[in-house]
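I opened this notebook to record what I looked up in the structure. The entries follow the order in which I consulted the model.

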Amino acid sequence: MTTMSANGIPGSDPGSDGDWGWFSPRRAAGSGPSAVPHGTPPATPSAAAPAAATPPAAAPGRAPAPHAAGAAPPTADAALIRRTMAEIEPAADAVTSYFYALLFVRHPELRDLFPTAMDAQRDRLFKALLTASQHVEDVDVLTDYLSALGRGHRKYGTRPEHYPAVGECLIGTLSRYATASWSPQTEAAWVRAYTVISQIMIDAAAEDEEHAPAWWDAEIVAHEARTDDIAVITVRPDQPYPFLAGQYTTLETPWWPRVWRHYSFASAPRSDGLLSFHVKAVPAGWVSGALVRRARPGDVLRLGPPAGSMTVDHRTDNGLLCLGGGTGIAPIKALVEDVAEHGRARPVEVFYGARSDHDLYDLETMLRLESRLPWLSVRPVVADGCPVRAAGLAGRLPDAVRGAGRWSAYDGFVSGPPGMIRSGVDALVGVGIPTHRIRHDSLHELVAQAAGD
């Protein structure tokens with residue numbers, strides 16, 4: 001479950017399940033082929049990006065930096081891009097199927113970088129494009145998002161030379177399906193936008209390569225079944241794995257190569273270097289089903305880099321109001337441990353929601369934390385009746401929060417299924433927490449992954 005501030009988009013899950021990318025940069029001199037599709041006439045001077053918007057050349061072999069002045073597409077470009085997306089949205093399935101068919105026919109060498117089954121990948125690509133088009137003018141948000149994607153794409157074996165091929169096929173696909181809105185100006189707007197997008201991703205990957213591996217191998221050392229469909233899995237990475245409590249990673253199993261799924265860390269960083277995840281097997285979930293029912297100690301998984309910003313700001317003494325639904329309690333538990341380890345007492349209120357008492361699979365762990373941490377309060381909330389193992393509340397989690405008073409002095413955290421996140425954020429705003437102090441599973445997860453796997 002990826003994490004990000006309430007008013008931003010992630011760095012993903014989205015290297016990951018939600019990964020999308022490989023958009024064609026207009027390369028620096030001598031750094032590779034042009035991004036302009038085959039058969040496309042060059043942009044006229046009036047449509048071309050101004051010189052100030054072109055990132056300066058970098059060292060040989062390195063793409064130019066993305067943060068040059070004027071890097072954000074102008075408002076006119078953003079309007080053209082959004083118009084294209086609005087036109088092709090009704091034909092999203094056909095558009096994305098055509099894009100991948102075009103890519104694999106023209107560049108068959110790229111097929112091995114993708115999972116065998118492409119259905120979910122097609123869906124994620126279009127939804128991620130839609131997300132990016134909605135934020136194309138927000139340079140800071142888009143840079144954070146794309147930098148994380150660029151770092152995450154390293155685990156697929158993505159290289160700078162792959163971007164022009166993908167950009168060529170993207171623009172070829174858009175021009176085929178956006179017939180009403182496509183024009184030389186529209187094409188130039190897309191080329192400019194993806195010049196910036198791909199440069200950010202390429203540079204982030206190059207910088208990350210200097211100090212981090214593309215992935216970590218991690219051996220399962222413990223596999224504990226909590227319910228018929230939920231397991232707690234603990235792994236030992238093959239080398240140190242730096243992360244922050246509240247973050248997430250992407251995970252690949254040996255049974256489904258190149259299929260990555262997002263999972264939040266279920267604890268703060270530990271002195272023994274072990275990492276834990278809470279996994280719920282969902283219907284038709286390839287990865288989640290394998291992790292819950294097939295994985296055993298000794299199996300080796302692969303981890304992508306950490307990402308997400310649902311982390312505690314230890315520069316303040318604000319209280320924490322945390323909403324965890326289902327396995328969304330995992331990063332909430334990590335946040336509680338993080339507060340305890342920093343030694344600064346601050347009130348932490350946890351509302352732990354589930355459909356039934358049986359689904360409160362980690363309640364005993366949370367109650368043990370509550371018994372030894374005087375500043376922690378844990379309130380189980382069950383939709384189908386009251387919890388029987390602890391004093392709690394009946395009903396929906398957001399309603400329970402609304403009925404508990406005003407919380408304007410607190411920072412809000414929400415983790416769980418997408419529907420719960422939406423209603424949970426609304427509830428936190430309703431009890432007085434401003435949106436800039438609410439952190440939750442990423443916008444990309446809400447837009448691009450729905451139920452997930």
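Entry 1: a pair of facing residues. I began at I233 and found that it stands opposite F277 in strand 6. The model is a predicted one, and I read every entry here with that in mind. I then looked up the strands involved: strand 3, residues 230–237, pairs with strand 6 in the antiparallel sense, over six bridges.

Entry 2: nonpolar cores. I looked up the largest nonpolar core, which has 38 residues. Within this core, F99, L103, L146 and W190 have the most contacts. At least two core residues come from each of helix 1 (75–88), helix 2 (92–106), helix 3 (119–134), helix 4 (139–152), helix 5 (163–177) and helix 6 (184–209). Helix 6 provides the largest share, nine residues. I also recorded a second, separate core of 26 residues, with Y361, L363, L369 and L376 among them.

Entry 3: contacts of L103. Leaving aside residues up to four places away in sequence, I found that L103 touches P108, L110, F114, A165, V166 and C169.

Entry 4: a glycine in a loop. I located G416 in the loop between strand 12 (410–415) and helix 11 (418–430). Is G416 buried or exposed? Its relative accessible area is 3%, and the cut-off for buried is under 20%, so G416 counts as buried. I also checked G416 against G328: the two are 88 residues apart in sequence, yet their C-alpha atoms are 4.1 Å apart in space.

Entry 5: the chain as a whole. I counted twelve helices and 13 strands. Of the 453 residues in the chain, 57% are buried. The accessible surface comes to about 18,300 Å², and carbon and sulfur atoms account for 54% of that surface.

Note on methods
Residues numbered from 1 in each chain as written. Predicted model: local features only at pLDDT ≥ 70, side-chain atom pairs only at ≥ 80, totals over all residues. Heavy atoms only, no water. Core = buried A, V, L, I, M, F, W, Y, C linked by side-chain atoms within 4.5 Å. Buried < 20%, exposed > 50% of the residue type's maximum accessible area, 1.4 Å probe, protein only. Helix = DSSP H or I, 4+ residues; strand = E, 2+ residues; numbered from the N terminus. Contact = heavy atoms within 4.5 Å. Areas by Shrake-Rupley, 256 points an atom, 1.4 Å probe, with all protein chains shown as cover. Pairing = 2+ DSSP bridges.
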